[in-house]
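Please walk through the following model from its overall fold down to individual side-chain pairings, keeping the structure open alongside the text.

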Amino acid sequence: YPGISTAAVTFTSIRKLAEAGLKPEDYEAQGTLLLGIGGGRFDEHPTLEEGRKAGDCATTLVAKELGVSDDPSLAKILRFVRAADVEGNASPFDVSYVVKLLHARYPDDPHRVIEWALVAIEAKYQEQLRFFTVVKPEFDAKAKIEEIYGVKINFAPSNYPYQELIAAVNTMFIQAAREMLGHTNHAPFTG
């Protein structure tokens, strides 16, 4: 999508699109992408011609088009956005809910809301990117993997910063595996 990084973001309504009388393909031919509106390929809402794009929102449709829907660094963000949009899963302090509040507070300044939301989403993305490019590979390289009762467990080295937390989680997994396999007579794993 050449020029997308400098493209203008504009907001419209279904009424305005209907008045223009153009199809989504016409907008794209003019260099305009419709996101979440207008019945095009990035609009998950039902139209007169077809039903809702089940299980998707505009964000997941764009991620699929760009080939990044399986990127682990984006996975949590995409799941969260989809759940908030499709299922209405949002608490009053979630980014999606705050965006809704900001739109209500600044109805004539949607760009202000978008800027705030992008800063928040970029922070989450950078956290996920760091985890999958630095923290997880480091942990995987240093961790000892053992199989106990058919369950693979990662044991962190004793000098790993999150070793206590990981040990507690491992203990829970081991206990759950023992119970599932009927090995409840074993003493809890402590170390």
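**From the surface patch to the charged pairs**

Leu-35 is found in the loop that runs between helix H2 (24-29) and helix H3 (58-66), and this leucine is exposed, with a relative accessible area of 53%. Together with Tyr-1, Ile-4, Leu-33 and Leu-66, Leu-35 forms a nonpolar patch on the surface, and the accessible area of these residues taken together is about 470 Å².

The wider setting is a predicted model whose protein chain has seven helices and two strands, arranged along the sequence in the pattern α-α-α-α-α-α-β-β-α. Of the 191 residues in the protein chain, 21% are buried, and the accessible surface comes to about 13,400 Å², with 58% of that area belonging to carbon and sulfur atoms. When contacts between residues at least 6 apart in sequence are considered, 28% of them join residues at least 24 apart.

Two residues illustrate how parts of the chain meet. Phe-11 lies in the segment before helix H1 (14-20) and, at 41% relative accessibility, counts as partly exposed. Apart from its neighbours within four places in sequence, Phe-11 is in contact with Pro-110, His-111 and Ile-114, while the C-alpha atoms of Phe-11 and Ile-37, which are 26 residues apart along the chain, are separated by 9.9 Å. Ala-63, by contrast, has its place in helix H3 and is buried, with a relative accessible area of 5%. Once its neighbours within four places in sequence are set aside, Ala-63 is in contact with Val-68, Ser-69 and Leu-78, and the C-alpha atoms of Ala-63 and Phe-42, 21 residues apart in sequence, lie 9.9 Å apart in space.

Turning to the aromatic side chains, the structure holds one aromatic pair. The ring centres of Phe-131 and Phe-132 are 4.9 Å apart and the ring planes stand at 90°, so the pair is edge-to-face. Both partners are partly exposed, Phe-131 with a relative accessible area of 37% and Phe-132 with one of 29%. A ring also takes part in another arrangement, in which the charged end of Arg-112 sits over the ring of Tyr-106, 4.0 Å from its centre.

Another salt bridge is formed by Arg-41 and Glu-65, whose closest N and O atoms are 3.2 Å apart. This pair links distant parts of the chain, since Arg-41 is in the loop between H2 and H3 whereas Glu-65 is in helix H3, 24 residues apart.

Terms used. Residues numbered from 1 in each chain as written. Predicted model: local features only at pLDDT ≥ 70, side-chain atom pairs only at ≥ 80, totals over all residues. Heavy atoms only, no water. Helix = DSSP H or I, 4+ residues; strand = E, 2+ residues; numbered from the N terminus. Buried < 20%, exposed > 50% of the residue type's maximum accessible area, 1.4 Å probe, protein only. Contact = heavy atoms within 4.5 Å. Areas by Shrake-Rupley, 256 points an atom, 1.4 Å probe, with all protein chains shown as cover. Patch = residues over 30% accessible without salt bridge, like charges linked within 9 Å, V, L, I, M, F, W, Y side chains within 5 Å. Salt bridge = Lys/Arg side-chain N within 4 Å of Asp/Glu carboxyl O. Phe/Tyr/Trp six-rings, centres within 6.5 Å; stacked < 30°, edge-to-face > 60°. Lys NZ or Arg CZ within 6 Å of the ring centre and 35° of its normal.
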